[in-house]
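Hi there,

Here is the structure I promised to pass along. Have a look at it first, and then read on for what turned up in it.

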Amino acid sequence: MKKIVIAGNWKMNMTRKETKEFMVRISSFTMDRNDIDVILFPPYTSIDSAQSFKPEWIKIGSQNLWYKDSGAFTGEISPIFLKELGVEYVLIGHSERRHILNEQDEILNLKVKSALQHDIIPIFCVGERKEENEKNIGKQVIKRQIEEGLKFINQEVILAYEPVWAIGTGRAATPDIAEEMHSYITQLTLEKPFTVKAILYGGSVNPDNISDLIAMPHIDGVLIGGASLSSDKFLKMLDIVKKRR
Ligand code: PEP
């Protein structure tokens, strides 16, 4: 059985108090499977609250980092500070950072390098926009994002395929469409110097579609936004994954 990753990106949501309440509620769940990795990505200010109240089987990640260790970078966060808080993973290249904050391939590449230098596992996100999907150039976009963003990387990374048109829209890719792209990414990365630990699907994953998505052969897990904010929905999804494998 393949290992499955269930990751929850809280974005700019969840105060410290809400984080504590979520973790306390979720602690009643028994995760007795070591072939399921569960990772949550709280906002920076809630990371220590998450670490204090989380059950042992949840790992904590950061939604971003800066690629330098210290210096004159007002408002940015150093990988050293994140390590100090016990962060094990980091999201890099999320579509909101690419398209709202205008982060380009080159800077994303520096961030991946920095994360790896500090033993933080990068979850590198790629995905085409709606208009690119309509023009049928999704694969070209993803190829560029992977080749530029992971240039000169020769360590292990996790990838997340997140079609921008499916994020926060309630319109997830069908399992077949997602599978086709995951299979393409698998082929594309086979000969690269880096190793791909897992390829996650992200974009409107919820308790109703998670089972069909993770049943696909090249989908190794999910990156969940909106539905990871509700402890009820998150628990439901964990339960589905735990029971069906
Ligand atoms: C995300 O932010 O990575 C995401 C997939 O969001 P949502 O599940 O809300 O579409």
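Let me start with the largest pocket, which holds about 380 Å³ of space. A pocket here is an open set of points on a 1 Å grid over the protein atoms alone, where a 1.4 Å probe fits and protein lies on both sides within 12 Å along at least five of seven lines; lining residues have an atom within 4 Å of a point. Grid points are joined across faces, edges and corners, and the volume is the space filled by probe spheres set on the points.

Please keep in mind that this is a predicted model: local features need pLDDT of at least 70, side-chain atom pairs count only at pLDDT 80 or more, and totals for chains, interfaces and linings use all residues. Residues are numbered from 1 along each chain as its sequence is written, and side-chain values use heavy atoms, with hydrogens and water left out.

Back to the pocket: 16 residues line it, and Lys 11, Gln 63, Asn 64, Arg 97 and Leu 101 lie nearest its centre.

Lys 11 also forms a salt bridge with Glu 96 (2.8 Å, N to O); the term means a side-chain nitrogen of Lys or Arg within 4 Å of a carboxyl oxygen of Asp or Glu. Lys 11 sits in the loop between β1 (4–9) and α1 (16–26) and Glu 96 in helix α4 (residues 95–99), so this pair ties together parts that are 85 residues apart in sequence. Helices (H or I, at least four residues) and strands (E, at least two) are DSSP runs, numbered from the N terminus.

Arg 97 comes up again too, as it is linked with Glu 103 and Lys 111 in a network of salt bridges. The whole structure has 18 salt bridges.

Finally, the largest nonpolar core has 61 residues, of which Ile 6 and Phe 234 touch the most other members. Such a core is a set of buried Ala, Val, Leu, Ile, Met, Phe, Trp, Tyr and Cys residues joined through side-chain atoms within 4.5 Å. Helix α10 (residues 231–244) gives the largest share of this core, five residues. A second, separate core has 13 residues, including Ile 39 and Phe 41.

Best wishes

Methods
Buried < 20%, exposed > 50% of the residue type's maximum accessible area, 1.4 Å probe, protein only.
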